[in-house]
Each structure stands twice: as C-alpha cells, then as structure tokens.
Amino acid sequence: MLIRKTGEDQLVDAYGIRFQQIYPHGGEELAPWGVGRAVVEPGGATDPHDHEDHEMFVFLSGHGVLTVDGEECEVGPEVTALLPAGSRHHVRNTSDTERLVFLSVYWPTEHGPIDL
C-alpha cells in the first residue's frame, strides 16, 4: 500500500497553478499513467496546453470553466471530463473567493482509445 499526504505543503507551482503529483511520485519514468491534484486559486487559470496522453479531470470543489479545443463547459463538484490526447485545454476558476480543486488522471494512448 502507498500512502500520499495531500496537504498544502505538498503543492508546487506547475501549469500556472498549484499542483501535486500523487502518482508516480519521483519521476514520470516510473509508471505509464499518473494522477495529480490541481488547485486553481480564485480568478486563476491553468496555462493552455496539450500533450500526448489522454486525461480525465475529476472536479472536487469550486466552480469554473473548462475549455477544450475552443469549446467551453462549466465545471464543479460532480463533474468529470475526458480529454483525448492532443486536445488543447485549460481550466479557469470563475470564483473570486473559492478555490477550484480537481484530480488529473492521465494515461498513454496505447492503453486504448477513449469513448467520447
């Protein structure tokens, strides 16, 4: 069993926000998939980016807007989004007072296609 603490002291600056790599812990070469915790401060946003892996966001708290290839969707608790590899995306926190928190799970395309 692996246990990872997820406190404030585990967050680092990444992607224009605060982020914690939960797994793999210690280098991307350790596993072909990963999961991280993202914290977007009020009024903040991730840097727009794309990558070669599929990705899933599981929104835990707060409210914001997810933009994927120019298409916008409101996000918040009880929302999960699947993003195909190569899609340009970013998340914006629309609150002036509340953090937007989500999990990012990613895996390589050779693990199979995602059904959109």
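Trainee: Is Arg18 buried, exposed or partly exposed?

Mentor: Buried is under 20% relative accessible area, exposed is over 50%, and partly exposed sits in between (1.4 Å probe, protein chains only). Arg18 has 28% relative accessibility, so Arg18 counts as partly exposed. A word on the source: this is a predicted model, where local features need pLDDT of at least 70, side-chain atom pairs count only at pLDDT 80 or more, and totals for chains, interfaces and linings use all residues. Residues are numbered from 1 along each chain as its sequence is written, and side-chain values use heavy atoms, with hydrogens and water left out.

Trainee: Which residue forms a salt bridge with Arg18?

Mentor: A salt bridge means a side-chain nitrogen of Lys or Arg within 4 Å of a carboxyl oxygen of Asp or Glu. Here Arg18 pairs with Asp13, with 2.9 Å between the closest N and O atoms. Asp13 is exposed, at 63% relative accessibility.

Trainee: How many salt bridges turn up in the whole structure?

Mentor: The search finds 4. One of them joins Arg88 to Asp50, the closest N and O atoms being 3.4 Å apart. Arg88 is in the loop between strand E7 (80-83) and E8, and Asp50 is in the loop between E3 and E4, so this pair ties together parts 38 residues apart in sequence. Strands (E, at least two residues) are DSSP runs numbered from the N terminus.

Trainee: Which residues do salt bridges with shared partners join into one network?

Mentor: Glu8, Glu41 and Arg99. Between Arg99 and Glu41, the closest N and O atoms are 2.8 Å apart.

Key. Helix = DSSP H or I, 4+ residues; strand = E, 2+ residues; numbered from the N terminus.
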